[in-house]
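Subject: Structure handover

Hello,

Here is the structure for you to look through. Please open it first, then read my notes below.

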Amino acid sequence: MRISRGPSEGYVRSKVPKGFHLEIARKIQTALAGRVIEDDLISIDSVDLVTGIDVAYINRGSTEIGVSVASTYSISKSLIIEWSCWIGPIYFPYVPTLLSFRELKPVVNAYLRLRTKSQVILIDGHGRAHPYRLGIASHFGVCMHIPTIGVAKSLLYGRVDRVEGPILDISTDEVIGWAIQCAPSKPTYVSVGYGLSLRSAVDLVKRLCVGSQMPIPILHSHNMANNLKKRIIGKLMSKASINELDNECRISMSNYL
DNA sequence: GCGACAG
DNA sequence: ATCTTGTCGC
């Protein structure tokens, strides 16, 4: 049994940058959450191409660099058919419940560089399993109008009573996601991002988790992001050099088309 | 009162 | 998530 209530507003306020208006951010999240569709916009059985996106970070004093990768997996071919990357500066800190404000830009940029568009996007993080019902997966889905699923390794908000079972809202008992176990002793938390039912989301993620905590598309993006990161570490990070690194990564991803 | 807390 | 030494297991 595991319980999480999410961070207090006081804690969140203390972490947010000066000049950032939390009350406005909450209004945006609430408004966008109201536009989330939880029905199947596509038939889950017809899905073949699934994209997974992940972001790695490089920290050096005051400068922070984001390395994002999007990988598209073909279920019928059992292969990653394409991947893309983006490298750029990150300005917003990690604040629980506000992950979108930090990661949405790198996630979207990596996605937009894919040549072949897929039918479903898997994003590391939650979807509806969020105190304001708008985790990064839902934020991405509502903005891009593409079916998305949130896949996380730990809980941000909600209650889970069984190893495999529903993620319930602490106060309303509403089902906001589902916990599954694809890897021994390692939970995988699935929640609707946009344009899919929870049932379909869970089915698809289960199909893509081959004995690992995370599904293949996200796993591949995670590995690629870390590989790129290793090649970058050691180099300087001025404004111009960051842009150069981004151009280099664009070239390397083009070589795989 | 203290601590919880996606990546 | 990232940083980071030694340690355990295949």
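**Hairpins and turns**

The hairpin of β8 and β9 has 6 residues between its strands, and in it D173 takes a positive phi near 65°. Helices (H or I, at least four residues) and strands (E, at least two) are DSSP runs, numbered from the N terminus. Two strands pair if DSSP finds at least two bridges between them.

Before going on, note how to read the model. It is predicted, so to speak of local features we need pLDDT of at least 70, and side-chain atom pairs count only at pLDDT 80 or more, while totals for chains, interfaces and linings use all residues. Residues are numbered from 1 along each chain as its sequence is written, chains are lettered from A and ligands numbered from 1 in the order in which they are written, and side-chain values use heavy atoms, with hydrogens and water left out.

Back to D173. This residue lies in the loop between β8 and β9. Most residues other than glycine have a negative phi. Is D173 buried or exposed, or in between? D173 is partly exposed, at 44% relative accessible area. The cut-offs are these: buried means under 20% relative accessible area, exposed over 50%, and partly exposed in between (1.4 Å probe, protein chains only).

Now the strands on either side. β8 (residues 165–168) is joined to β7 (residues 158–160) by 2 bridges, and the two run antiparallel. R159 has L168 in β8 as its bridge partner. β7 and β8 also form a hairpin, with 4 residues between them. On to β9 (residues 175–183): β8 pairs with it in the antiparallel sense over 4 bridges. There, G165 stands opposite A179 in β9.

Strand β2 (residues 49–60) runs antiparallel to β3, and 12 bridges join them. G52 has S71 in β3 as its bridge partner. Their hairpin has 2 residues between the strands, and G61 in it takes a positive phi near 65°.

Strand β3 (residues 63–74) is mostly covered, with 11 of its 12 residues buried. It pairs in the antiparallel sense with β4 (residues 79–89) over 10 bridges. G66 stands opposite G88 in β4. The hairpin of β3 and β4 has 4 residues between the strands.

S78 sits in the loop between β3 and β4. Its phi is near 55°, a positive value in a residue other than glycine. S78 counts as partly exposed, at 48% relative accessibility.

**Around helix α4**

How many of the 9 residues of α4 are buried? The count is 7, so to say it plainly, α4 is mostly covered. Among them are I136, H139 and F140. The buried residues of α4 pack against α2 (22–33), α3 (100–112), β5, β6 (148–152) and β10 (186–194).

H130 is in the loop between β5 (120–124) and α4 (136–144). It is buried, with a relative accessible area of 3%. Leaving aside neighbours within four places in sequence, H130 is in contact (heavy atoms within 4.5 Å) with Q29, T97, G135, L156 and Y157.

H145 counts as exposed, at 53% relative accessibility. Beyond its neighbours within four places in sequence, H145 is in contact with F140 and Y194. H145 and I37 are 108 residues apart in sequence, yet 9.6 Å apart in space, C-alpha to C-alpha.

**The whole chain**

Chain A has 7 helices and 10 strands. Its radius of gyration is 18 Å, close to the 18 Å that the globule rule gives for 257 residues, so chain A is as compact as a globular protein of that length. That radius is taken over C-alpha atoms, and the rule is 2.2 Å times the number of residues to the power 0.38. The C-alpha atoms fill a box of roughly 50 × 50 × 35 Å, taken along the principal axes. Of the 257 residues, 54% count as buried. Among contacts between residues at least 6 apart in sequence, 68% join residues at least 24 apart.

Best wishes
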